[in-house]
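These are my notebook entries on one protein chain. I record what I looked up, with the cut-offs that I applied.

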Amino acid sequence: MDEKQIKELIKRITLEVIRRLTGFGEYRTVALVPFYSAYAAEAAEYLAGKSACAALFGDAEPLMGIDSRRVETPEDKKALLRSLRDAEEVVLVAPSLSLLTAVAQGDDSHFEAVVFEKALLDGKKATVLLDFQPPRFKRGTLYDKVISAVDAVRDMGADVVYLGAKPDEGYALITEFEVNEAARRGIKRLKCAPGAIVTPLARDAAAEKGVAIDI
């Protein structure tokens, strides 16, 4: 091991000690990664450029280029909660439907949900990165549950971003939220992807606000 490698090792050890003493360090963005996701690269891209740290749970893998730390012990959980004091944004990465529903219903059976809910209650910027999009809108089915959970989380003040979505292909799902956001930003036309779903409330809101939906 040469001198450069020794210095790098010392630096890494020092940073780890600081993290262990001060929680997750003085990061402005805390990402909660509850599971393994095939869209980890896209999540890392979203976090790139932010002062971000990823809290890894279960079989979640570190996000490339993002400082990460596993949450396994009660002390780790306390450290994560302490880190929220200075954080400006909390990001929930690729949650399962059960975790997303837990957040929407205020269910504290998932620690990750507790952390995210606390961020919302503290008035911090809260973002959910989803690694799926509902392909159909059918009441009484799984997709209905997904849309209900997503809408509830949005109503609580969180932003929802679809990982892997390609804007040039248009929206796969347009709800009242997308229409209202378009109107707020002065966008007069929304493009739909092939086979896209437009909810009845979205159509009503579009007519009311003068937003065209290209189907």
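Entry 1, helix α3. I looked up the packing of α3 and found that its buried residues pack against β1 (29-33), β2 (52-56), β3 (67-70) and α5 (111-121). The model is a predicted one, in which local features need pLDDT of at least 70 and side-chain atom pairs count only at pLDDT 80 or more, while totals for chains, interfaces and linings use all residues. Residues are numbered from 1 along each chain as its sequence is written, and side-chain values use heavy atoms, with hydrogens and water left out.

I took helices (H or I, at least four residues) and strands (E, at least two) as DSSP runs, numbered from the N terminus. Buried stands for under 20% relative accessible area, exposed for over 50% and partly exposed for the range in between, with a 1.4 Å probe and protein chains only. A contact requires heavy atoms within 4.5 Å.

The buried residues of α3 (residues 74-83) are D76, A79, L80 and S83. They lie on the same side of α3, because they cover an arc of only 100 degrees around the axis; the arc is that of the directions from the helix axis to the C-beta atoms. I noted the general rule that an α-helix has 3.6 residues a turn, so residues three or four places apart point the same way.

I then asked how many residues of β1 are buried. The count is 5 of the 5, so β1 is largely enclosed by the rest of the structure. T29, A31 and V33 point one way from β1, and V30 and L32 point the other way. In a regular strand the side chains alternate between the two faces of the sheet.

For pairing, I required that DSSP find at least two bridges between two strands. β1 and β2 run parallel and are joined by 5 bridges; V33 has L56 as its bridge partner in β2. With β4 (residues 89-93), β1 pairs in the parallel sense over 4 bridges, and the partner of A31 in β4 is V91.

In α2 (40-47), the buried residues are A43, A44 and L47. They are on the same side of α2, because their arc around the axis is only 100 degrees. These residues pack against β1, β2, β4 and β5 (125-130). The exposed residues A41 and E45 are on the face of α2 turned away from its buried side. G49 follows α2 and has a positive phi, near 90 degrees.

S37 is in the loop between β1 and α2. S37 counts as buried because its relative accessible area is 8%. The side chain of S37 makes a polar contact of 3.2 Å with the side chain of D131.

E178 belongs to helix α7 (residues 176-184). E178 is buried, with 7% relative accessibility. The side chain of E178 makes polar contacts with the side chains of R154, at 2.7 Å, and T175, at 2.6 Å.

How values were computed: Polar contact = N/O pair within 3.5 Å; in protein donor to acceptor, adjacent residues only side chain to side chain.
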